[in-house]
Amino acid sequence: MEISIERVRSSKLSQTDLTNIPFGRVFTDHMFVMDYKDGTWQNAKIEGVRSLPIHPANLTLHYGQSIFEGMKASKNADGVPLLFRPEMHAARMNASAERMCMPTIDPELFVEAIRQLVYIEKNWIPNMAGSALYIRPFMFATDEFLGVAPSETYKFIIMTLPVAPYYSKPVKLFASTQYIRAAKGGVGEAKTAGNYAASLLASKQARDKGFDQVLWLDGREFKYAQEVGTMNIFFVIDGVVITPPTDGAILKGITRDSFLRILEDRGYKVEERPISMDEVFAAHQDGKLNEVFGSGTAAVAVDVMQIGYRDQSIELKPSTDSLAQMLKNEINGIRNGQVSDKFGWIEPVLEVEIV
Ligand code: COI
């Protein structure tokens with residue numbers, strides 16, 4: 001499908017300080033937009049970022065048919081934009097679409113739209129270590145209808161945002177034994193808006209208790225760790241790296257997958273298995289809990305410095321030679337071309353045919 005391009009007359013870039021960017025609030029000049037109607041995707045276009053008119057009966061507002069992705073582009077020393085695992089993001093977007101009864105997108109079109117948009121916005125990619133151009137593809141229902149049924153029309157939009165790391169310091173997690181994120185058979189594996197809305201109250205509760213984020217536990221026993229409100233979770237016990245398995249209730253994190261591959265490649269013992277809070281707290285008691293960290297596209301890798309669970313709390317001392325730091329440096333290095341891309345994760349945006 002041909003993507004038509006209507007460039008903005010003047011860019012906001014010169015008025016933007018790329019060295020001081022709050023996450024999620026600064027948008028580049030252009031966005032990609034495409035409509036789904038009459039059973040097919042159409043009107044693919046890159047245009048200036050603008051507000052969209054919305055009918056009060058828009059299905060998304062009422063029943064939440066909405067999914068998204070989060071990925072990143074960075075650039076190498078020659079200024080070439082580099083996409084990180086775009087095909088895997090396309091596949092996960094389509095898996096989310098299927099779960100939410102929404103139309104899938106040809107992965108080639110998904111990646112081509114990102115390539116063209118990132119090419120046009122390449123001057124917005126920040127240079128600082130750990131910063132990147134965050135890419136937010138999302139799809140939502142546009143039918144004006146109050147029946148509970150899949151929409152027949154949708155919009156797919158890709159926005160790009162210069163960002164610094166999501167967390168600037170180690171985080172404190174509170175494991176909720178009141179609320180749950182997902183149970184097997186639910187929508188936990190889909191990157192759908194409702195999962196994030198559902199995290200807000202539990203995160204607020206965590207913050208009210210002096211923590212930063214919620215650590216979700218399994219929905220049956222409130223015993224096993226699942227993931228954090230904004231990322232997946234890893235525990236290192238006695239040198240073994242353990243992360244909960246993606247069993248249908250946990251987001252299949254692409255950074256999570258990348259970390260597992262890097263760790264295995266470097267010979268670490270890695271286990272994807274259920275891990276209970278009792279095991280984590282006992283390991284801490286025995287002096288064997290080496291570290292805990294979160295992983296995500298926005299967060300990259302962030303150390304956990306405290307975990308609260310029921311009436312107990314443990315504290316950890318993040319160190320500069322932790323696995324989390326190694327993984328963060330490795331993935332950031334791959335992303336900016338300073339570390340060899342031995343896994344074939346990088347797609348340079350070299351030549352883009354813009355019509
Ligand atoms: C991401 O890491 O890209 C996400 O979508 C998480 C969100 C909380 C920013």
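Reader: Over the ring of which residue does the charged end of Lys122 sit?

Author: Before reading any such detail, please keep in mind that this is a predicted model. In it, the charged end of Lys122 sits over the ring of Tyr119, at 4.2 Å from the ring's centre. A second case of this kind involves Arg335, which lies over the face of Phe84 at 4.7 Å from the ring centre.

Reader: How many aromatic pairs does the structure hold, and how should I read one of them?

Author: There are 17 aromatic pairs in the structure. To read a pair, one looks at the distance between the ring centres and at the angle between the planes, where an angle over 60 degrees counts as edge-to-face. Trp41 and Phe156 give an edge-to-face example, with 6.2 Å from centre to centre and 65 degrees between the planes. Because Trp41 belongs to strand 3 (residues 40–48) and Phe156 to strand 8 (residues 154–163), this pair ties together parts that lie 115 residues apart in sequence. Trp41 and Phe156 are both buried.

Reader: What is the arrangement of the rings of Phe174 and Phe211?

Author: Their centres are 5.3 Å apart and their planes stand at 50 degrees, so this pair is tilted. Phe174 is part of strand 9 (residues 171–175), while Phe211 is in the loop between helix 4 (193–208) and strand 10 (213–217), so the pair links parts that are 37 residues apart in sequence. Phe174 and Phe211 are both buried.

Reader: How should I read a nonpolar core, and which residues have the most contacts inside the largest one?

Author: The general idea is that, in soluble globular proteins, nonpolar side chains tend to be buried together. Here the largest nonpolar core has 41 residues, and Phe32, Val118, Met139 and Phe156 are those with the most contacts inside it. Among the elements that give two or more residues to this core are strand 2 (30–37), strand 3, helix 2 (86–99), helix 3 (107–120), strand 7 (132–141) and strand 8. Helix 3 gives the most, with 8 residues. If residues up to four places away in sequence are not counted, Phe32 touches Ile3, Ala44, Lys45, Ile46, Ala113, Leu117, Phe156, Ile157 and Ile158. There is also a second, separate core of 29 residues, which includes Tyr167, Ala225, Met231 and Phe281.

Reader: How much space lies in the largest pocket, and which residues are closest to its centre?

Author: About 800 Å³ of space lies in the largest pocket. Its lining is made by 39 residues, of which Phe68, Tyr134, Arg136, Lys191 and Tyr196 are the closest to the centre. Helix 4 gives the most to this lining, with 7 residues, and the elements that supply at least two residues each also include strand 4 (66–68), strand 11 (225–228), helix 5 (254–265) and strand 15 (289–296).

Reader: Where are Arg85 and Cys101 found, and what is the value of phi in each?

Author: Phi of Arg85 is near 50 degrees, a positive value in a residue other than glycine, and Arg85 is found in the loop between strand 6 (81–84) and helix 2. Arg85 is buried, with a relative accessible area of 9%. Phi of Cys101 is also positive, near 60 degrees, and Cys101 has its place in the loop between helix 2 and helix 3.

How values were computed: Residues are numbered from 1 along each chain as its sequence is written. This is a predicted model: local features need pLDDT of at least 70, side-chain atom pairs count only at pLDDT 80 or more; totals for chains, interfaces and linings use all residues. Side-chain values use heavy atoms; hydrogens and water are left out. Rings of Phe, Tyr and Trp (its six-membered ring) pair if their centres lie within 6.5 Å; planes under 30 degrees apart count as stacked, over 60 as edge-to-face and the rest as tilted. Helices (H or I, at least four residues) and strands (E, at least two) are DSSP runs, numbered from the N terminus. Buried means under 20% relative accessible area, exposed over 50%, partly exposed in between (1.4 Å probe, protein chains only). A charge sits over a ring if NZ of Lys or CZ of Arg is within 6 Å of the ring centre and within 35 degrees of the ring normal. A nonpolar core is a set of buried Ala, Val, Leu, Ile, Met, Phe, Trp, Tyr and Cys residues joined through side-chain atoms within 4.5 Å. Contact means heavy atoms within 4.5 Å. On a 1 Å grid over the protein atoms alone, a cavity is a set of points where a 1.4 Å probe fits but cannot get out, and a pocket is an open set with protein on both sides within 12 Å along at least five of seven lines; lining residues have an atom within 4 Å of a point. Grid points are joined across faces, edges and corners, and a volume is the space filled by probe spheres set on the points.
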